[in-house]
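Trainee: I would like to go through this model step by step, starting with the fold and ending with the aromatic rings.

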Amino acid sequence: MSATRPGVYGLLAIALSGLLVAAPVRATVSAGSAPTALHSETDGDAAADRQAVSHEIERFRSSSISISQAMAIAEARHAGATTADISFDGGSGVPVYRVKTLHNDRIWRYTVNAATGEVMGGEAALPLAQLDLEDRSNLAVLGTITHRLADAVRVAEQAASGKAISGGLVRERGRLNFAIVVISGNDLKEVLLEPPGARGK
């Protein structure tokens with residue numbers, strides 16, 4: 001949800017939603033072994049980075065719940081909720097999706113088991129007033145556009161010919177975009193989608 005994108009901490013936790021019929025205003029696919037968003041903070045040990053990413057991809061591929069299913073599970077907890085951020089976390093014992101939804105001026109945090117779809121632990125809510133100004137501004141835009149992260153995931157998976165592992169809001173050069181990381185073959189691709197109606201907000 002922040003303008004800066006964290007990296008792999010041994011897991012692909014990107015704290016960083018169409019695009020249904022109409023194409024987005026702008027879609028950019030970056031290919032390579034790892035998008036900028038996925039480099040670890042150490043960045044000194046490229047072999048360890050590749051191994052961590054490979055391990056994460058392997059755990060993701062063996063999960064039975066897709067990113068779209070995990071978003072639907074989290075959004076169903078509150079009628080009218082929309083996903084603001086989601087990331088796969090295969091670094092702990094049980095692979096999970098970490099989902100943040102927006103509902104009634106609060107960010108709700110959920111952990112969804114990637115094998116069963118069960119919501120693990122209790123719900124955690126954070127009032128928007130406690131977020132910094134940029135995050136509040138980004139989430140305000142999310143509430144005004146008709147396209148959702150789930151829509152962006154579908155478009156990104158099609159554009160990059162793969163399966164999304166994470167997605168969220170990111171501000172690039174003053175523009176709010178959905179940033180989706182897609183596994184395509186053995187590569188990670190970052191897809192930036194500017195939702196219609198977000199320009200100038």
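Trainee: In what order do the elements of the protein run from the N terminus on?

Mentor: Bear in mind that this is a predicted model. The protein has four helices and eight strands. Read from the N terminus, the order is β-α-α-β-β-β-β-α-α-β-β-β.

Trainee: What percentage of the residues of the protein count as buried?

Mentor: The accessible surface of the protein is about 9,100 Å², and carbon and sulfur atoms hold 51% of that surface. Burial is counted by residue, with under 20% relative accessible area as the criterion. For the 201 residues of the protein, the buried share is 50%.

Trainee: How are the rings of Phe 60 and Phe 88 arranged: stacked, tilted or edge-to-face?

Mentor: The structure holds two aromatic pairs. In the pair of Phe 60 and Phe 88, the ring centres are 5.2 Å apart and the planes stand at 80 degrees. Planes over 60 degrees apart meet the criterion, so this pair is edge-to-face.

Trainee: How many residues apart are Phe 60 and Phe 88?

Mentor: Phe 60 lies in helix 1 (residues 46-61), and Phe 88 lies in strand 2 (residues 82-89). Both Phe 60 and Phe 88 are buried. The pair links distant parts of the chain, with a separation of 28 residues.

Trainee: Which residues form one aromatic cluster?

Mentor: Phe 88 also pairs with Tyr 97: their ring centres are 5.5 Å apart and their planes are at 70 degrees, so the pair is edge-to-face. Tyr 97 is buried, as is Phe 88. The one aromatic cluster is formed by Phe 60, Phe 88 and Tyr 97.

Terms used. Residues are numbered from 1 along each chain as its sequence is written. This is a predicted model: local features need pLDDT of at least 70, side-chain atom pairs count only at pLDDT 80 or more; totals for chains, interfaces and linings use all residues. Side-chain values use heavy atoms; hydrogens and water are left out. Rings of Phe, Tyr and Trp (its six-membered ring) pair if their centres lie within 6.5 Å; planes under 30 degrees apart count as stacked, over 60 as edge-to-face and the rest as tilted. Helices (H or I, at least four residues) and strands (E, at least two) are DSSP runs, numbered from the N terminus. Buried means under 20% relative accessible area, exposed over 50%, partly exposed in between (1.4 Å probe, protein chains only). Accessible areas come from the Shrake-Rupley method with a 1.4 Å probe; for residues, only the protein chains shown count as cover.
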